[in-house]
Amino acid sequence: MSERTTGTARVKRGLAEMLRGGVIMDVVTPEQAKIAEDAGATAVMALERVPSDIRRDGGVARMSDPAMVEGIQAAVTIPVMAKCRIGHFAEAQILQALGVDYIDESEVLTPADEAYHVDKWNFTVPFVCGATNLGEALRRIGEGACLIRSKGEAGTGNIVEAVRHLRSILGDVRKLTQADSAELYGWAKELRAPVDLVQEVAERGELPVPLFCAGGIATPADAALVMQLGAQAVFVGSGIFKSEDPAPRAKAIVEATTHYADAEIVMKVSRSLGTPMVGQEIDKLDVKLSERGW
Amino acid sequence: MKVGVLALQGAYREHAEALDALGAEVVLVRQPQHLAGVDAVVLPGGESTTQDKLLDTSELRAPLTDALRDGLPAFATCAGLILLATEVLDGRADQRPLGLVDVSVRRNGYGRQVMSFEAPLAVRGLDGPFTGVFIRAPRIERAGAVEVLAEHDGVPVLVQSGAITGACFHPELAGDLRLHERFLSQVR
């Protein structure tokens, strides 16, 4: 028996299941990628600038140089993800040709299409997309996303938006499970989401794909917070490599994500990690990245 | 029957659901005391290098190794099989497999995610094919003192070594409980 089928929904969503309970770290150099792998990251996100620098520098943020992504692929053995702009399917094609393990169609980069996201069903490589609420999450899943991350507000070191988005998504999931079959059509209309996905969520009591959390995680306690709220894994962007001492902080966040419900362990790993990244208040931001995408 | 599912990282929930559906009592194992009184363990898929480190920080390496040496039945899938192999190729230099299943496995031996695949497998003792879901799967490059239960393209993908069953693929994602059922039938 030599037949094999690639790119099935089960295979694409399956990799997301394998990342559960882990930490995916943003890295901009092969050296950082090695530090992340050494610390126990389940995957790295290869990009040219972490979100806090994109925020500071301004301008158009695009897909990374393929050579830069290749450098990181060569440096580590764990899965490598990379970002394309919202709607920029040609960047996504390039990333697939590079053999990245997951594509993040990300609001952290400058959107390329103001009407449409990438039709992700056309790809063999799986996609992760951000969402601020349940309707947005289900629209992305309808387009073929195999993993959803709550957006939070990237590059701020402030967890408040991540909490808002997680609570919004999971709170509405809980409400859907209480709705009767007729009400679900109203929910689909209100959420602007495919009715079959709304029905699936109501039946399962969770999204059809894993839900991770991103945007603002800077400490082990932040990771423990969002995991207890119901995230299944965490993305940490600027929070590690914009802190005073990245390696021990990365390791501590990995342990806190595994033992999120055990305050003794989270307390122990939180000790003496040095200064976290400097955080920003949300209402003082010039640009809210989470408002990109729809 | 009480079955511990190693829950440091990875697809532990799918295993727990499969075992629960078959009537087993499931305990998520994150610390040594969670191994107390279990009749069997499942080592799920996930990222083997992450799990390898968490075995140490969680102080589970020694008690788990001792229990398995003493014959605790185990079902190890994907990263779980990497943890139990005698040799890991393309691993990290600091990766320390427990050496309980006599195979050499190559991490991501079937390629990156775009090469991940599903394939029907003929499994010894099962009627009809079982869908193998291979995700950045390890490839068995040498099978020593183990019984081969299934192959894909002539390469072993499911092996039995004493009380340990090791799979390169993910039975917990197949929507087919037969391999979990087979595993539980061997416990006690």
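**Exercise 1. Strand pairing between the chains**

Which residue in strand 7 of chain B does A:T6 stand opposite?

*Solution.* The model examined here is a predicted one. Then locate A:T6, which stands opposite B:F117 in strand 7 of chain B.

**Exercise 2. The interface of chain A and chain B**

Describe the extent of the interface between chain A and chain B, and then its polar links and the make-up of the side that chain A contributes.

*Solution.* Step one is to count the residues: 46 residues of chain A are in contact with 45 residues of chain B.

Step two turns to area, since the size of an interface is often given as the accessible area lost when the parts come together. Between chain A and chain B about 3600 Å² is buried, and carbon and sulfur atoms give 51% of this area.

Step three concerns the links across the interface, where the rule finds eight salt bridges. One of these joins A:R10 to B:E118, with the closest N and O atoms 2.9 Å apart, which lies inside the 4 Å cut-off for a salt bridge. The rule also finds 25 residue pairs in polar contact across the interface, both residues being at pLDDT 80 or more.

Step four asks which parts of chain A take part: strand 1 (5–6), helix 1, helix 2 (30–39) and helix 12 (246–258) each give two or more residues to the side that touches chain B. Helix 1 of chain A gives the most, with seven residues. By class, this side of chain A has 15 nonpolar, 18 polar and 13 charged residues.

**Exercise 3. Helix 1 of chain B**

Which residues of helix 1 of chain B are buried, and what covers them?

*Solution.* Within helix 1 of chain B, residues 12–21, the buried residues are B:Y12, B:E14, B:H15, B:A16, B:A18 and B:L19. What covers them includes, from chain A, helix 1 (9–18), and, from chain B, strand 1 (2–6), strand 2 (25–29), strand 3 (40–43), strand 4 (74–77) and helix 5 (178–185). Just after helix 1 of chain B, B:G23 takes a positive phi of about 90°.

**Exercise 4. A:R164**

Where is A:R164 placed, and why does A:R164 count as partly exposed?

*Solution.* A:R164 belongs to helix 7 of chain A, residues 160–178. A:R164 counts as partly exposed because its relative accessible area is 47%, a value between the 20% and 50% limits. The C-alpha atoms of A:R164 and A:K151, 13 residues apart along the chain, are separated by 9.6 Å.

How values were computed:
Residues are numbered from 1 along each chain as its sequence is written. Chains are lettered from A and ligands numbered from 1 in the order in which they are written. This is a predicted model: local features need pLDDT of at least 70, side-chain atom pairs count only at pLDDT 80 or more; totals for chains, interfaces and linings use all residues. Side-chain values use heavy atoms; hydrogens and water are left out. Buried means under 20% relative accessible area, exposed over 50%, partly exposed in between (1.4 Å probe, protein chains only). Helices (H or I, at least four residues) and strands (E, at least two) are DSSP runs, numbered from the N terminus. Contact means heavy atoms within 4.5 Å. Buried area is the accessible area (1.4 Å probe) that two parts lose on being put together, summed over both. A salt bridge is a side-chain nitrogen of Lys or Arg within 4 Å of a carboxyl oxygen of Asp or Glu. A polar contact is a pair of N or O atoms within 3.5 Å; within protein, one must be able to donate a hydrogen and the other to accept it, and residues adjacent in sequence count only if both atoms are side-chain atoms. Ala, Val, Leu, Ile, Met, Phe, Trp, Tyr, Cys and Pro count as nonpolar, Asp, Glu, Lys and Arg as charged, and the others, Gly among them, as polar. Two strands pair if DSSP finds at least two bridges between them.
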